[in-house]
Amino acid sequence: MITVSQALEQLFTLVSPLPSQDVPLRLANGRVLARDVLAARTQPPFAASSMDGYAVKSAEVEADAMFKVVGEAAAGHAWDGVVGAGQAVRIFTGAPLPQGADFIVIQEDVTRRGDLITLGRNIDTKDNIRAAGVDFMQGAPLSAPRKLTPADIALLAAMNAPVVPVTRKPVVALISTGDELVMPGEHPKADQIIVSNTFGLAAMLEDLGAQPRILPIAQDSEASLRAAFTLAKGADLIITIGGASVGDHDLVGPVAADMGMEQSFYKVAMRPGKPLMAGRLAGVPMIGLPGNPVSAMVCGTVFVTPMIRAMQGLGKTPAPRVQRALSAALPANGPREHYMRATLTAEGAAGAQVQDSSLLSVLATSNALIVRPPNDPAQPVGATVDIIHI
Ligand code: AMP
Ligand code: MG
């Protein structure tokens, strides 16, 4: 059995960044920027007023000074004269600073009568001018790779980038296996259950910006599994769920091998998730997850998510961990790395009382996994542990 980090290393060798495609800015949120985008213009393109007030010469600003208002500049309406000595231009936020002026007195500091303004006695020294290019200069990059956020989208818009190069979405085929499984909404027989983790994994993949394809459930027969693998053609990653142990009905390994899978590994020293297999089937990376609902979801966090990020060009890094104190003691761990369902609050992290890998209700109320090293001794309240947010 290999360790989790060895397994992840091998999984990373199976995948590489996908090619890029151009998408309209409106469809770019959450996508991964594939190449640096350079600002097509400087922002602001001109020195602009940041307040409503009067544009004057700073050398003339003093208590009780008087100016004659000779024009008006509003956003989108520059005043194209030159401000002379003793003159002021009425100006509004976002308007270009007129030539000859280098200071905006805010309107609250001014008394106006007709065309004349008089300054008050407590004029702030702040000039209320946004210099040209203070946000960014033409040619400034938004650097790749990055998963685009709403703030990035606003920045790209300001850079005048109507079309954005992003990494193509990884298409992921999800194959559920098992004679006992039926789809949600169907009517299970007395000895059947509903496919669950497949939908959880599809949701996880969508959150990551991948494109899951839930294939029809494969029965525990060679023919059915073969048909499912055939349907998975064209995917960038094939994920099977269940049928990966060594029971008589666990056929994923044998059928995939028969179809020419080059196996990278089988079995990882972790809890939950031991019967994990991976390899390449007709050139397509494949990962076989255990069927137990929580095992599959934990493997989704620990293995699938980093693989998808690697395919998106976001680098080959494990799920990020933070260190937190325990708010409840933990018993000694066994010989496998344990990903314990846990709740993280301001008080610290507490492992769930029951850790059975079939309990989706426990997973759904957890917001973290506590990662226990193999053979970790019992840990008291206050001990520091590794946490993965889920
Ligand atoms: P297996 O890995 O096929 O031996 O499955 C282990 C356990 O997980 C069994 O109790 C299965 O019924 C259950 N299981 C397998 N696949 C799924 C699935 N897609 N959704 C929910 N439960 C599953
Ligand atoms: Mg099964």
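This is a predicted model: local features need pLDDT of at least 70, side-chain atom pairs count only at pLDDT 80 or more; totals for chains, interfaces and linings use all residues.
The domain assignment divides the protein chain into domain 1 (4-17 + 168-311), domain 2 (24-43 + 142-167), domain 3 (48-130) and domain 4 (322-389). Taken over C-alpha atoms, the centres of domain 1 and domain 2 are separated by 33 Å. Six residues from domain 1 and four residues from domain 2 take part in the contact. The size of an interface is often given as the accessible area lost when the parts come together. For domain 1 and domain 2, the buried area amounts to about 370 Å², with carbon and sulfur atoms contributing 45%. On the side of domain 1, the residues that lose the most area to domain 2 are Arg168, Lys169 and Leu208, which together account for 70% of what that side buries.

The buried residues of H3 are Asn197, Thr198, Leu201, Ala202, Met204, Leu205 and Leu208. These residues lie on the same side of H3, because they cover an arc of only 160° around the axis. Glu206 and Asp207, by contrast, are exposed on the other side of the helix. The cover over the buried residues of H3 includes several strands, namely S13 (146-147), S15 (171-176), S18 (211-214), S19 (237-241) and S23 (284-289), together with helix H6 (293-311). Just after H3, Gly209 adopts a positive phi of about 95°.

Two further positions were examined for their accessibility and their spatial relation to residues elsewhere in the sequence. Asp248 is placed in the loop between S19 and helix H5 (252-258). With a relative accessible area of 73%, Asp248 is exposed, because the cut-off for that class is over 50%. The C-alpha atom of Asp248 is 9.6 Å from that of Asp220, and the two residues are 28 residues apart along the chain.

Ala223 is located in helix H4, which comprises residues 222-231. The relative accessibility of Ala223 is 56%, so this residue likewise counts as exposed. Between the C-alpha atoms of Ala223 and Val255 the separation is 8.9 Å, while the two residues are 32 residues apart along the chain.

Notes: Residues are numbered from 1 along each chain as its sequence is written. Chains are lettered from A and ligands numbered from 1 in the order in which they are written. Side-chain values use heavy atoms; hydrogens and water are left out. Buried means under 20% relative accessible area, exposed over 50%, partly exposed in between (1.4 Å probe, protein chains only). Helices (H or I, at least four residues) and strands (E, at least two) are DSSP runs, numbered from the N terminus. The arc is that of the directions from the helix axis to the C-beta atoms. Contact means heavy atoms within 4.5 Å. Domain bounds come from an automatic or database domain assignment. Buried area is the accessible area (1.4 Å probe) that two parts lose on being put together, summed over both.
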